[in-house]
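Here is a short report for a reader new to this structure. Begin with the view below, then read on.

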Amino acid sequence: VKGLTFKNMKYEFNTILESLEKAGYNNYWKVLNAKDYGIPQNRERLFIVSIRKNIDTKSFKFIDKNCSYFKNKEKTIDDILEATVSTKYNLSEKATRRINERLGNKEGKIYNWYNDVIIKEEFKTLTTNCGSWGARTGQIVINSKNNYRRLTPIECWRLMGFDDEDVKKCREKGISDTQLYKMAGNSICVPVIGSIYLAIQKQGIFF
């Protein structure tokens, strides 16, 4: 996570880089955010690309976040939300009352429960309990007045750049919603890792 680059983790981070260098690798690192690669989720993660010194051309560069490839594939919150959602994802009456008392009725908006911030452009970072409305970084969607719900597994997987077909295959294998939420929270955002593959390909060391 991004915290590895913080001052209090400097020793640990440098130890990782030095160990890789001693093992024969040149290292390139950068904090990448999913929202810069076409996904409406504020998800910052540290990526390290290590290339063997004997084949490294020293020309590796991470793909710029303004690359047209990602701008053309950019998704909005409306693209992520399902059109029809089962009522099983609705919050209980008790939870709904608590939110109404705290936030008031603001129809058609999307909220983060923890700090009451109205999210207009992207969701906060998904975690392994992203399906829980009470989580510190949990998300709440308001379908209509007094109708709050959690994100669905499909919406969480969309926020990680996966296709709906991927969720379907998992469900066919008997994987529960709880596990689907955990898998989404633990995953790497597909377009972000895809940008790294593109960067490696552009360097040409494998082609």
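## Overall build

Along the sequence, the protein chain runs through the pattern α-β-β-α-α-α-β-β-β-β-α-α-α-α. That makes eight helices and six strands. The model is predicted.

The protein chain has 207 residues, and 38% of them count as buried. Its accessible surface comes to about 12,300 Å². Carbon and sulfur atoms hold 48% of that surface.

## Aromatic pairs

How many aromatic pairs does a search of the whole structure find? The search finds four. One of them joins Phe13 and Trp29. This pair is edge-to-face. The ring centres are 5.0 Å apart, and the angle between the planes is 80°.

Where do the two partners lie? Phe13 is in helix H1, which covers residues 10-22. Trp29 is in strand S1, which covers residues 25-33. Phe13 has a relative accessible area of 5%, so it is buried. Trp29 has a relative accessible area of 41%, so it is partly exposed.

## A ring cluster

Phe60 and Phe62 also form an aromatic pair. It is edge-to-face, with 5.1 Å from centre to centre and 80° between the planes. Are these two residues buried or exposed? Phe60 is buried, at a relative accessible area of 6%. Phe62 counts as buried too, at 15% relative accessibility. Both values fall under 20%, the cut-off for buried, which is why both residues get that label.

Which residues do ring pairs link into a cluster? The cluster consists of Tyr28, Phe60 and Phe62.

Asp177 lies in helix H7. This helix covers residues 177-186. Is Asp177 buried or exposed? Its relative accessible area is 19%, and buried means under 20%, so Asp177 is buried.

Which residues is Asp177 in contact with, leaving aside its neighbours within four places in sequence? The list reads Lys88, Tyr89, Pro153 and Arg171.

Technical notes:
Residues numbered from 1 in each chain as written. Predicted model: local features only at pLDDT ≥ 70, side-chain atom pairs only at ≥ 80, totals over all residues. Heavy atoms only, no water. Helix = DSSP H or I, 4+ residues; strand = E, 2+ residues; numbered from the N terminus. Buried < 20%, exposed > 50% of the residue type's maximum accessible area, 1.4 Å probe, protein only. Areas by Shrake-Rupley, 256 points an atom, 1.4 Å probe, with all protein chains shown as cover. Contact = heavy atoms within 4.5 Å. Phe/Tyr/Trp six-rings, centres within 6.5 Å; stacked < 30°, edge-to-face > 60°.
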